[in-house]
Each structure stands twice: as C-alpha cells, then as structure tokens.
Amino acid sequence: MRGEVVLRVECLMPEKLLERALNKGAAFREVRRDGPRALLIQCDAASAALLQDECARFRLPAKVLERRGRSALSAWARRRITLPVGLVVFAALCWLFLGRVWWIDCAFTGEAADLGDRVQLEMDAAEAGIHPGMGRDADWEALAERLKAGAGDYSYVGAHLRGVRLVIEAVPEVPSPDLYDVSAARDLVADRDGVVLSAVARSGELCVQPGDAVVRGQLLIRGEELAEKGEDGPLTEPIAALGEVIVRTWAVGEASLPTTVQRLRLTGISAASSRLVTPWVSFDITEGERYAEQVSTTEYLPVGGVFLPVEIERVTNRQAVLEEARLDAEALKRQLAALAFADATLKLEQGGPGNYTIRKRWIDFKPSGDRLCARAVIEISANAAVTRDKLN
C-alpha cells in the first residue's frame, strides 16, 4: 500500500494554493471542503510535502490529520528511532536473566516433612555453593550430593530447575521411636485428677478400675510382675510399667464484668472563656463558667499573622450529666464466654500435657449485684498415666 497523507489546510483562496502546488508537480487523490476557508486534501507523501512547503511559505496553517500505508510506517519509525537499540538491549537482558538462577525455594516432603528446618537448609545450601545469580549450567547433582552430606538428617536431597527458579527438595529422616527398656523399673502415676474411663496395663500391675476416682500423683500401674511362686508366697520382680489409663476430668473457668457503664450526656448548656497568649505573657480576656461534669474543647485563633506570635486561646465547656447505661446483654455474654473459656483452657494446660480430647463444653451465667458472672466448664478425656519424673 502506497503512503497517503490527509491534511487540513486553511486559507482565503484555497484554489490558488492548489494551483501553485499542481504547477510544482503535486497530485491530489481527493479534495473536499471542510468549511468556508478550509480544505481536506488526500494525497501521497511527496505531494503533501510540496503542499506543506507552500503553506509554510505563505504562513498558512496546514495540519496532518492522518498518515496511511508506508507514510504512516515511516513516520512511526522516525518517532521511534531508538526502538531497535531498545530491542537489542531488551533481548540481551532477557538472555542474561533467563540464563541464571534467581530464586531458591526449599520444599520438604515425606512422613516427617514438618521436621524440616527451612532456614538451616538455606544456610547449608549457601555453604554448598548454591546462591541466587549462579548459572543454569551448574552440576546440580553434585551440588545436591554436597548439600546432603553437609546438611545431615535428610534421607534425600535433590535440586530441580524450574525456569529461573531452583527447587531444593529434601526428605527429613523419620526419627526412631523411643526404646522401651523393660528392665528399667518404674511406676505410672496420675498427672491429673479425674474419673477412670478405661485402664489397660501392658506390663506391670493395674491398680485402678473404670469408675474409680483418682487424684494427681496416685499410683495407677505398679512396676512389678509375678516372677515365680516361692515357699512363702509369690515372688515379684521390678519392671517398667507400661499402659494407658484414660480419665475423665473437668476444667472450670470463671469471669465477671459489670452490666452497666457510666457515660456522659451533654445537656446543651455551654460557656466559653478566652485569653490572649504570647510567648512572653498571657492574660484572660473573658472567663466562662465551669461545670462539675463537662466536656471541654480548645481552639486557637491567630491574631498576629505569621510575623507576630500572638493568638487567642478559646476554651468551650459543655455541661454534661453522668449517667449509667446498661450494656447490651448478648454482647456482654459473648465477651464473658470468651474470657471464661480462655481461663478454663489455661487451667487445662497447667494441669497436665496438652494431649487430650474435648468431650463437652458448657457455660452458665449468673447475676451478682451490678455484675454478670460466667462459669465455663470443659470436660475432657486424656491418658493420665505418666512416670513420676514428669509430675515435676
């Protein structure tokens, strides 16, 4: 498509202007009026240049409204002369950016994934030579092996590229279970008060039955078992007691709050006082009345402008009456319930380990004078059998 230009030219005698342009070799595809002294002219780029020269010679306004085809493309290219250089720079930056690793993520998998230490693994990766900005052509298998050797406590460590992101996948080792030494004599006692729901002794002698009430420190499973029968009776030997005694227990939390609050109600009566204030001296101009209960507001009115630090301090006292307002009952109960259950939960945590199952929760409210009291109860079941050393 050949380049075309649409111009708008204003002059008193447009026919004379077109004639001069035609005599110099210009050719117009379309000419139409756009008012009594304006023409819209469609022509090629060369003719448009000739016409613009003639308009400039006689100081006539000529405005390019549109460029089409190669003319528009050349004009666009002239306006963006730095585009090729920018494209080259952009391509170079992309090549530099995509050719390196800029983000390093750590992912833990396996049964013991929650045991992974992200901060320590990142420090171990830095010591192994893995860091943001390194090239993508690194020997990732060798780096992963070096990382595994330095990090320890991981059964697998791998490094995988995802674009400019490196994902370090680590599988923490599953810790070995505690060994049970049957010859280490010990008893199991109760770590909390409660009522026995079930009792099972895997080794040792069971000392309680379902339905028994136990207190903290009471013997639950004695660390003894029958060895043989002697002449004077059965002989026992000490062993490590093992088993579970599930007890039902309760924690009680309490809280109380006032049912009313004192608030100020404005009566509509007010009085104002003012005084003149300077950096050197101040004195009262008018003195207003003061009230037993009031709300005061202060405003400052400058009278000296920015050159003289003089202002009037105006204090307005609004009379108020102190009244008791009753709080919303439902909102008060919600607040009390949160406080009481928080108190009960704290007592549960203080009474023993946190491995328990909540069976029921309920709360009672009781007015006491101008206050509302709440009593929250949490019923739980838990294995209360622990060694004596865990009671301290």
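This is a predicted model: local features need pLDDT of at least 70, side-chain atom pairs count only at pLDDT 80 or more; totals for chains, interfaces and linings use all residues.
User: How many of the residues in the chain count as buried?

Analyst: The chain has 392 residues, and 30% of them count as buried. Its secondary structure comes to seven helices and 22 strands. Among contacts between residues at least 6 apart in sequence, 65% join residues at least 24 apart.

User: Where is confidence lowest, and where is it highest?

Analyst: The mean pLDDT of the chain is 82, and 88% of the residues reach 70 or more. Helix H3 (residues 70-79) has the lowest confidence, with a mean of 55. Strand S11 (residues 213-214) has the highest, at 94.

User: How do I read a helix? Which residues of H1 are buried?

Analyst: List the buried residues, then look down the helix axis. In helix H1 (residues 14-23), the buried residues are Pro14, Leu17, Leu18 and Ala21. Viewed down the axis of H1, they fall within an arc of 95 degrees, so they line one face of the helix. The cover over these buried residues includes strand S1 (4-10), strand S2 (28-33), strand S3 (38-44) and helix H2 (45-57). After H1 comes Gly25, with a positive phi near 105 degrees.

User: Which residues of H5 are buried, and which exposed residues does the face turned away carry?

Analyst: In helix H5 (residues 118-127), Leu121, Asp124 and Ala125 are buried. Seen down the axis of H5, these residues fall within an arc of 105 degrees, and therefore line one face of the helix. The face turned away from that buried side carries Val119, Ala126 and Glu127, which are exposed.

User: What caps the N-terminal end of H5?

Analyst: Asp117 does: one of its side-chain oxygens lies 3.3 Å from the backbone nitrogen of Val119. Just after H5, Gly129 takes a positive phi of about 100 degrees.

User: Which residue has a positive phi although it is not a glycine?

Analyst: Arg59 is such a case, with a positive phi of about 55 degrees. Arg59 is in the loop between H2 and strand S4 (62-68). Its relative accessibility is 79%, so Arg59 counts as exposed.

User: How should I read a loop residue? Is Gly116 buried, exposed or partly exposed?

Analyst: Take its place, its accessibility and its contacts in turn. Gly116 lies in the loop between strand S5 (103-108) and H5. At 24% relative accessibility, Gly116 is partly exposed. Leaving out residues up to four places away in sequence, Gly116 touches Phe108, Tyr154 and Pro172. Gly116 and Pro172 are 56 residues apart along the chain, yet their C-alpha atoms are separated by 6.0 Å.

User: What does Gly135 touch?

Analyst: Gly135 touches Gly99, Arg100 and Trp140, again not counting residues up to four places away in sequence. Gly135 is in the loop between H5 and helix H6 (140-151), and is buried at a relative accessible area of 18%.

User: Which residues is Thr259 in contact with?

Analyst: Setting aside neighbours within four places in sequence, Thr259 is in contact with Ala325, Arg326, Leu327, Leu332, Asp370, Arg371 and Leu372. Thr259 lies in the loop between strand S15 (242-258) and S16. Its relative accessible area is 15%, so Thr259 is buried.

Notes. Residues are numbered from 1 along each chain as its sequence is written. Side-chain values use heavy atoms; hydrogens and water are left out. pLDDT is the predictor's confidence in each residue, from 0 to 100. Helices (H or I, at least four residues) and strands (E, at least two) are DSSP runs, numbered from the N terminus. Buried means under 20% relative accessible area, exposed over 50%, partly exposed in between (1.4 Å probe, protein chains only). The arc is that of the directions from the helix axis to the C-beta atoms. A polar contact is a pair of N or O atoms within 3.5 Å; within protein, one must be able to donate a hydrogen and the other to accept it, and residues adjacent in sequence count only if both atoms are side-chain atoms. Contact means heavy atoms within 4.5 Å.
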